[in-house]
Amino acid sequence: MITNRRSEFKLDWLILPLLGAVFVLLLWQIASTMWSKDLPGPLRTWNASKPYLVKPFEKRGELDQGILRFAWYSLLLVAKGYAIALLIGTPIGFMLGLSKFFAKSFDPIVQILRPVSPLAWLPLGLVLFQKSQPAAVFTIAICAMWPTVLNTAVGVRSIPQDYLNVARVLKLSRSKTLFKVLIPATLPYMFTGFRLSLGIAWLVIVAAEMLTGSPGVGGFLWQEYNALIYEHIILCILTIGVIGFILDRLMSLVERRFKS
Amino acid sequence: MAFLELKAVSKGFGSNGSRSEVIEDINLEIERGEFVAIVGYSGAGKTTLISLIAGLIKPDAGTITLNGLEITDPGPDRGIVFQNYSLLPWLSVFENIYLAVDQVFCNWAPARKQQHTEKYIAMVNLTPARDKRPGELSGGMRQRVSVARALAMDPQILLLDEPLSALDAITRSTLQDEIGRIWEQDRKTVVLITNDVDEGIYLSDRIIPLSAGPGATLGPSIAIDMARPRDRRAVNHNPRFRQIRREIIDYLLGVGGKKRATVTRKLFLPDIEPEDLSVPRNTSSSRRRPIRRREIKKETVEINS
Ligand SMILES: Nc1ncnc2c1ncn2[C@@H]1O[C@H](COP(=O)(O)OP(=O)(O)O)[C@@H](O)[C@H]1O
Ligand SMILES: [Mg+2]
């Protein structure tokens with residue numbers, strides 16, 4: 001019985017995902033041989049990517065660096081934009097959640113700005129900051145902010161009346177109510193927002209780098225496209241996916257800690 | 001002038017169309033040091049009444065005064081034990097109580113506040129659970145934290161909103177004894193809201209029935225002239241106890257009963273047949289399908305609890 005469980009466990013964890021991967025690789029191989037001759041197959045991609053994967057941090061030249069080195073540049077930029085998004089988004093979320101007046105005044109604007117694509121913000125960033133890096137940070141910050149804003153607002157609105165009653169009976173000061181009651185009660189929602197924001201920040205960075213040509217995974221991707229080295233496009237796609245996945249997992253670990 | 005006075009207090013919820021008066025024309029006088037129990041059906045408006053006294057909501061009509069001063073805001077001079085404990089789940093037992101102590105005795109030295117907090121944790125026998133979060137405690141333990149928090153504020157009056165309703169019978173009687181014991185120590189003014197007539201009589205000096213809502217109002221108050229400390233077993237056989245209980249229940253069934261509302265609602269019976277698990281299912285040919293047409297029945301529910 002126990003061995004049975006364990007083998008089932010292995011099936012879920014190892015065998016089925018492997019099966020899926022093999023299936024996709026096969027499909028990829030077929031597509032590259034039968035359909036598009038320009039699409040490099042798995043083997044060719046692997047051979048062309050090897051130097052970037054084996055020495056992931058090497059710097060051979062400005063445009064020729066290990067893939068994790070590029071990823072690191074992207075992550076640094078994401079970190080800046082993301083930090084700004086949280087620093088601005090969280091207080092806005094609190095205001096939207098706490099004040100009916102504020103919510104009525106600004107909710108429509110939030111709803112209008114929220115669906116705007118990063119591709120639309122970036123030129124504005126370039127106009128405002130003149131340089132590509134701050135423009136990218138600006139774009140990340142403004143696009144990644146919304147999930148944090150909205151989740152925080154929802155979290156604040158759904159604080160049980162009981163907790164607020166405790167604060168009222170004790171006559172807690174405003175700042176004490178904020179730090180002892182409102183923020184702890186909202187934390188689980190805030191972290192859901194933070195996690196979604198991080199996902200968006202990572203989506204935006206690639207687009208921003210492609211448009212500005214700054215060094216990073218996205219920049220590398222675009223440059224290799226122009227250099228007709230299509231294998232590296234696939235390498236970049238997979239790297240972006242894996243890093244995005246790891247970021248999401250890390251955030252959901254943190255999130256779960258605050259939910260229990 | 002009485003210590004706590006409610007004069008012609010009314011409170012309702014909702015606006016014009018769907019408005020309902022929850023309590024109407026409540027008059028109540030409580031002297032300092034008195035232990036008063038108010039019993040009523042659930043949904044009668046007991047929490048509404050205690051929230052009014054706590055100042056968490058405002059009356060539509062009438063006045064509430066404590067010590068001659070009108071109650072306008074909630075404040076730590078009225079220690080309240082909420083029906084659902086209302087502990088902050090991210091704080092430990094100690095921190096929950098300390099938050100209150102820190103707030104009320106803000107000019108004490110930290111060591112003294114800490115000592116004060118420990119004292120009340122010990123009073124409700126929770127010292128071993130001092131650093132646990134509410135989520136790790138049983139219902140009875142949470143309730144004791146809530147009581148300790150209210151007592152630690154050293155309020156002028158203690159408001160207990162069905163403090164024991166959510167507990168099992170054994171924990172309940174243990175905690176009743178504990179509340180009785182703690183009250184004997186400093187004889188604070190207490191308003192105990194309960195839906196258990198026996199509990200009200202066992203603990204209080206005076207018991208008042210609240211009729212069923214909407215428009216609930218207080219009935220005649222009955223003094224409980226039985227010596228303290230009371231012995232649970234002896235009390236049960238005391239003829240006076242039985243007589244008081246009968247009076248209260250008669251009132252609640254009589255006046256309260258007349259006002260009891262009934263609601264008629266439609267019932268939709270499920271339109272599938274329960275599966276017969278003893279017969280192997282033929283998965284290929286027969287789908288599960290409704291065997292019986294949907295039936296609609298009517299049910300009349302009496303709202304009395
Ligand atoms: N904030 C509120 N808004 C609308 N209706 C309320 C509110 N609080 C209580 N009520 C209504 O008042 C009635 C009495 O509620 P409550 O005081 O909680 O009863 P009890 O504590 O006796 O069980 C209920 O019918 C309830 O629906
Ligand atoms: Mg209630």
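This is a predicted model: local features need pLDDT of at least 70, side-chain atom pairs count only at pLDDT 80 or more; totals for chains, interfaces and linings use all residues.
Residues are numbered from 1 along each chain as its sequence is written, chains are lettered from A and ligands numbered from 1 in the order in which they are written, and side-chain values use heavy atoms, leaving out hydrogens and water.

Okay, back to strand 7 of chain B: 5 of its 5 residues are buried. Buried means under 20% relative accessible area with a 1.4 Å probe, protein chains only. Strands here are DSSP runs of E, at least two residues, and helices are runs of H or I, at least four, numbered from the N terminus.

In a regular strand, side chains alternate between the two faces of the sheet. Here, Ile157(B), Leu159(B) and Asp161(B) point one way, and Leu158(B) and Leu160(B) the other.

Now the neighbours. Two strands pair if DSSP finds at least two bridges between them. Strand 6 of chain B, residues 78–81, runs parallel to strand 7 of chain B, joined by 4 bridges, with Gly79(B) opposite Leu158(B). Strand 8 of chain B, residues 189–194, also pairs with strand 7 of chain B in the parallel sense, over 5 bridges.

What about strand 8 of chain B itself? Its 6 of 6 residues are buried, so the strand is largely enclosed by the rest of the structure. Strand 3 of chain B, residues 35–40, pairs with strand 8 of chain B over 5 bridges, again parallel, and Ala37(B) has Leu192(B) as its bridge partner.

Note on methods: Buried means under 20% relative accessible area, exposed over 50%, partly exposed in between (1.4 Å probe, protein chains only).
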